[in-house]
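Here is a short briefing to read alongside the model. Please keep the structure open as you go through the points.

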Amino acid sequence: MARLRDLPKIDDLAADPRLSGYPRALRVAAAREVVSSLRAAIQAGAVPDLGLAGELVRERVEGLAVPSLRRAINLTGVILHTGLGRARLAPSAAAHVAEVAGSHSLLEFDVESGGRGDRQSHVRDVLCRLTGAEDALVLNNAAAGVLATLAALAKGGEVILSRGQMVEIGGSFRMPDVVRQSGCQLVEVGCTNKTRLRDYEQAVTPETKAILRCHPSNFRIIGFHEEPGLDELAAFARSAGLLMIDDQGNGALLGLERYGLPKEATLPESIAAGADVVVASGDKLLGGPQAGLVLGRSELISRVRKHPLARAMRIDKLSLAALEATLALYEQERVEEIPTHAALGLPLDAVRKRAEALAEGFSTVIEPGTTEVGAGAAPGVGLPTWRVGLPPASPDRHLRRLRQRTVPVIGRIQEGRVWLDPRTLAEDEITEARQAIEEAIA
Ligand SMILES: *Cc1c(COP(=O)(O)O)cnc(C)c1O
């Protein structure tokens, strides 16, 4: 314990001339953190090298001077990686965000009349054209979309949900909790693997207001599985005077089968199947910003729009700018410019070329693997890929070194090696990623 007395003084550490370029507050904060972690180590019985304190402070000051939310290179083999920000925006969308962010804009200004405009007007018509919906509203995210929709349309009533769709989606968005929070009474029907139309029919009471369907998203039931199609459910809902609300989730405007993946319903298909309201995320298969699309019948969407929750959870102007620019790419048939589509559609030989460009000259291996779509789309299946395996010695250290960079490179360990999947690597990131690999395995 005597060593506590040997701890360097915070003021001395902060006065290190090598740090003179940094503000004093930053130097003191870093010195405080370092001294306090050294003190904790000594108290825990460790014998830290106090001579390294200066070096640790320098690293910490440099760390504090770099933004915490910063760019990273995703080589995890998951295209829509929730921890890495889900969808990456198209260059045109990112540029549009930068322009709107750095200027005043027509967010809620009507140039015709010179009076107050509506932020939703920037995306409403294009969303209707692309999905076939009568009306559209965009909120902060899909969780907000489901909550506001239920609160506005079914509050105080019963909402029927299949036990097969009683799911939790990333970041503890639990369907039963959301239904309760919206002021609705949840009525569970069927079993985990089988729910029949009859189960829904028998659950209807005079209090029932809606049938909710939730895309199971992040898991798949294999084996005996049965549930009515959305068209059947929607037809039943209509005949029973109930609302059909579909939490479609992934926001796909185009089918995944074009990439050789199993078919999943797209937004236009959910609308065509007769759902009254369809809710989806903007930053999954749509490939845009975080947003919650609420699409459907005009009379219903206007009721959601008027609900106070819709105001509380409205989309911000930067996401709106990104969404408008992303939707424009669909309308102009330029989807290959959307990075999510570019990654999904990258031919296998092009992935191989990228893997070679990444690995060339290093003692690495290139082997076939699987890229996952991620964000709950197409769970359990994936796309064939080629991935780069770093030398097998000390994979944990490799992973950490790749991660602890100003621009972190994120891979994953399997079978005792770090694997890097270049399907999500942009052409202009190759040099940076190579540098990171070189330093990680040095
Ligand atoms: C992802 C997802 C959500 C949540 O979407 P956020 O935009 O993250 O709020 C809700 N429902 C389903 C079915 C989903 O897949």
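S394 sits in the loop between strand 13 and helix 16 (395-403), where helices (H or I, at least four residues) and strands (E, at least two) are DSSP runs numbered from the N terminus. This is a predicted model, in which local features need pLDDT of at least 70, side-chain atom pairs count only at pLDDT 80 or more, and totals for chains, interfaces and linings use all residues. Residues are numbered from 1 along each chain as its sequence is written, and side-chain values use heavy atoms, with hydrogens and water left out.

**Positive phi**

- Most residues other than glycine have a negative phi.
- S394 has a positive phi of about 45° although it is not a glycine.
- With 29% relative accessibility, S394 counts as partly exposed; buried means under 20% relative accessible area, exposed over 50%, and partly exposed in between (1.4 Å probe, protein chains only).
- E333, also not a glycine, has a positive phi near 50°.
- You will find E333 in the loop between helix 13 and helix 14 (339-345), and E333 is exposed, with a relative accessible area of 68%.

**The loop around A90**

- A90 belongs to the loop between strand 2 (78-80) and helix 4 (91-101).
- At 1% relative accessibility, A90 is buried.
- From C-alpha to C-alpha, A90 and T326 are 7.0 Å apart in space, yet 236 residues apart in sequence.
- Leaving aside neighbours within four places in sequence, A90 is in contact (heavy atoms within 4.5 Å) with L329, E337, I338 and P339.

**Helix 5 against helix 13**

- Helix 5 (residues 124-131) packs on helix 13 (residues 317-331) at an angle of about 35°, and their axes are 10 Å apart; axes are lines fitted to C-alpha atoms over the stretch in contact, and angles run from 0 to 180 degrees between N-to-C directions.
- V126, L127, R129 and L130 of helix 5 meet L327, Y330 and E331 of helix 13 in this contact.
- By class, the contact of helix 5 with helix 13 has five nonpolar, no polar and two charged residues; Ala, Val, Leu, Ile, Met, Phe, Trp, Tyr, Cys and Pro count as nonpolar, Asp, Glu, Lys and Arg as charged, and the others, Gly among them, as polar.

**Second largest pocket**

- The second largest pocket holds about 520 Å³ of space. On a 1 Å grid over the protein atoms alone, a pocket is an open set of points with protein on both sides within 12 Å along at least five of seven lines, whereas a cavity is a set where a 1.4 Å probe fits but cannot get out; lining residues have an atom within 4 Å of a point. Grid points are joined across faces, edges and corners, and a volume is the space filled by probe spheres set on the points.
- Its lining has 21 residues, of which H215, P216, E227, K263 and E264 lie nearest the centre.
- Strand 13 gives the most to this lining, with three residues.
- The lining of this pocket has nine nonpolar, six polar and six charged residues.

**Largest cavity**

- The largest cavity has a volume of about 30 Å³.
- Its lining is made up of N250, A252, L254, G255, L256, E264, A265, T266 and L285.

**Whole chain**

- The chain has 17 helices and 16 strands.
- Of its 442 residues, 49% count as buried.
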